[in-house]
Amino acid sequence: MTRNEAYFEFLLRLGDNTLILAQRLGEWCGHAHQLESDIALTNVALDQIGQCRLLLSEAGAIEGKGRTEDDLAFFRTEKDFRNNLLLEQPNENFAFTITRQYFFDVFQFHLYSELRNSSDDFLRGFAAKALKEVTYHRKLSTDWMVRLGDGTDVSHNKMQEAVTTLWPFTGELFEKTDADTMLIKEGAISDLDTIHKKWLAEVESLLDEATLTIPETMGYMARGSRQGNHTEYLGSILAEMQYLPRTMPDAKW
Amino acid sequence: MIETRSPEIQKIYALLEQVFDPEIPVLSVIDLGVVRSVELNNSGELTVTITPTYSGCPAMDTIERDIKTILSENGYLTAVKTSIAPAWTTDWMSEKGKKNLEKYGIAPPAERTTDKGFLTGKKKEIRCPRCKSMQTEMISNFGSTACKALYKCGDCKEVFDYFKCI
C-alpha cells in the first residue's frame with residue numbers, strides 16, 4: 001500500500017461518515033417533535049455535508065484519477081463505501097437519532113481535536129475548521145442525552161433501548177487498518193487507541209449522569225465497514241441518494 | 001490588522017464592500033471577514049481569496065459569482081480562490097458589520113472566541129436587537145442558517161436571531 005492509497009482510504013472513511021449521517025439526518029426534515037429540533041438536526045446535517053464536500057474533494061485529488069466529490073458520492077456502490085455501520089443505522093425515533101449522534105459527535109470531537117496537530121496541511125486546516133462546528137453538535141446531543149435519559153420513565157426507557165442497540169456499533173469507530181497504522185507512524189493522524197480512551201472516558205461519565213447503562217456485550221462489537229461489508233440499511237440509503245445522478249448523470253442544479 | 005494597500009487595491013476593496021452576503025443583505029463580504037486577500041499581478045489579473053463561514057455555507061457559490069461579476073464590470077479579470085485555513089472566526093467581523101447586524105434585527109456575536117466562554121458553557125449576555133433589553137434567553141443553538149442561534153426577549157417577548165461565536 002502506498003502512502004496515497006492509505007490517505008485516500010482514511011479520507012474516504014471520514015467523508016463517507018459525514019455523508020451517510022447527513023443523509024440520515026435529512027430524513028428528519030419536517031418530521032421532528034418540535035421546530036427547534038427539526039432545525040437543529042438539519043443544521044447539523046448541513047455542517048456534515050459541508051465537511052463531506054471538503055473531505056471527498058481532497059480524497060479525489062489524492063487518488064489522482066480525476067474523480068470529483070460528486071463522482072465519489074454518487075457513483076460508488078455499497079461495497080466501496082467506508083462509513084462506519086453506526087451512521088447508516090435507521091433513525092427509528094428521536095432517542096435513537098440523538099444517541100447515534102451523541103456517540104458520533106464525541107468521536108468526531110476528539111478525532112478532530114487530535115487532527116489539528118496533524119503533519120498533513122489539509123487535515124490540520126480541515127480539523128481546525130470542522131471542530132468549531134462539531135463543538136456545537138456535541139453540546140446539542142449531550143444536552144438531550146441527559147434531558148431524556150434522566151427524564152420520564154418513557155424517555156428513559158427509549159434512551160436505554162437506543163444505547164443498548166447502538167452500543168455494539170461503537171467499537172468499530174476505532175478499528176485500525178494497515179492504512180491507519182501507516183498514517184499514525186507518519187504523524188498524519190493520531191493513534192485511534194488514544195482517541196478511544198478519551199471517547200470512552202467522556203461517554204461513560206455522561207451516560208452515568210444520564211442514568212443510562214452500557215450493555216454487557218461479552219466483548220462483541222459489530223464490524224465490517226473497513227472491508228466494505230455493511231448492514232442491510234446502506235443499500236436503501238444509496239438507492240435514494242444516488243437515484244437522480246445515476247438516472248440523469250449530467251443533470252445540473 | 002495593519003497593512004498598507006495601494007490605491008488600486010483600496011479601490012478593489014471598496015468594490016467588494018458592495019458585495020453582500022445573500023442571506024444577510026446588510027453584511028458585506030468585507031464586514032463579514034470572508035475576504036482573506038486580494039492580489040493583483042503584473043499582468044493585471046486579480047486573485048481574491050475567500051473563506052467559508054461554515055464548511056457547508058450554501059452562500060459561497062453566490063458570493064463567488066457576485067465578486068466576479070462586480071470586478072469584471074469594473075474591468076478586472078478575476079479568479080476567486082477558496083481557502084479553509086486559517087478557519088474563519090466571528091472575530092473577523094468588522095465593528096461596522098456588527099452595528100449593521102443589530103440594526104437589521106440580528107444580535108451580533110457578543111464575545112471574542114478567545115474568551116472560550118462559548119466552549120465552557122459560561123452564560124453570556126445577549127442584547128435584544130429590538131428593545132435592547134438584556135433579559136434574553138436562548139431557545140436553540142441552531143437557527144435559520146448555520147451561523148445563527150435562536151433567542152427570545154423577556155421584555156418585548158420577540159424572538160430574534162443571534163449570530164453565534166465560532
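**Entry 1**

I looked up A:Met218 and found it in the loop between helix H9 (192-209) and helix H10 (233-247) of chain A. Helices (H or I, at least four residues) and strands (E, at least two) are DSSP runs here, numbered from the N terminus. The model is predicted: local features need pLDDT of at least 70, side-chain atom pairs count only at pLDDT 80 or more, and totals for chains, interfaces and linings use all residues. Residues are numbered from 1 along each chain as its sequence is written, and chains are lettered from A and ligands numbered from 1 in the order in which they are written.

A:Met218 has a positive phi of about 50°, although it is not a glycine. Is A:Met218 buried or exposed? It is exposed, because it has 5 other C-beta atoms within 10 Å. The cut-offs: buried means 20 or more other C-beta atoms within 10 Å of the residue's own, exposed means 12 or fewer, partly exposed is in between, and C-beta atoms are placed from the backbone.

I then checked A:Glu92. Its phi is also positive, about 55°, and it is not a glycine. A:Glu92 sits in the loop between helix H4 (85-88) and helix H5 (94-115) of chain A. With 15 other C-beta atoms within 10 Å, A:Glu92 is partly exposed.

**Entry 1: A:Leu140 and the chain contact**

Next I went to A:Leu140, in helix H6 (residues 121-149) of chain A. I counted it as buried, because 21 other C-beta atoms lie within 10 Å. What does A:Leu140 contact, leaving aside its neighbours within four places in sequence? I found A:Ala40 and B:Asn141. Contact means that the C-beta atoms of two residues, placed from the backbone, lie within 7 Å. I also took A:Leu140 against A:Leu25: they are 115 residues apart in sequence and 14 Å apart in space, C-alpha to C-alpha.

I noted the scores for the complex: the predictor gives an ipTM of 0.86 and a pTM of 0.93.

**Entry 2: the core**

I looked for the largest nonpolar core and got 111 residues. Such a core is a set of buried Ala, Val, Leu, Ile, Met, Phe, Trp, Tyr and Cys residues joined through C-beta atoms within 7 Å. Those with the most contacts inside it include A:Phe10, A:Tyr112 and B:Ile63. Leaving aside neighbours within four places in sequence, B:Ile63 is in contact with B:Val19, B:Asp21, B:Val29, B:Val34 and B:Ile50.

**Entry 3: chain B**

Chain B has five helices and nine strands. Of its 166 residues, 35% count as buried. Its C-alpha atoms fill a box of roughly 55 × 30 × 30 Å along the principal axes.

I followed strand S4 (residues 45-50) of chain B. Six bridges join it to strand S5 (residues 77-82) of chain B, and the two run parallel. Strands pair if DSSP finds at least two bridges between them. B:Thr49 has B:Lys81 in S5(B) as its bridge partner. The chain crosses from S4(B) to S5(B) through helix H3 (residues 60-73) of chain B, a right-handed β-α-β crossover. Right-handed means that, with the strands pointing away from the viewer, the path from the first strand over the helix to the second runs clockwise.

The peptide bond from B:Ala85 to B:Pro86 is cis, with omega near -5°.

The other sheet I noted is open, with four strands of chain B in the order S6-S9-S8-S7 and mixed pairing. Which strands stand at the edges? They are S6 (106-107) and S7 (136-140) of chain B; each has a single partner strand, so one side of each is left without a neighbour in the sheet. Five bridges join S8 (residues 148-153) to S9 (residues 159-163) of chain B, which run antiparallel. B:Lys148 stands opposite B:Phe163 in S9(B).

**Entry 4: confidence**

Chain B averages a pLDDT (the predictor's confidence in each residue, from 0 to 100) of 89, and 92% of the residues score at least 70. Confidence in chain B is lowest in helix H5 (residues 117-120), at a mean of 54, and highest in helix H2 (residues 29-32), at 96. Where pLDDT is low, the predicted coordinates should not be read in detail.
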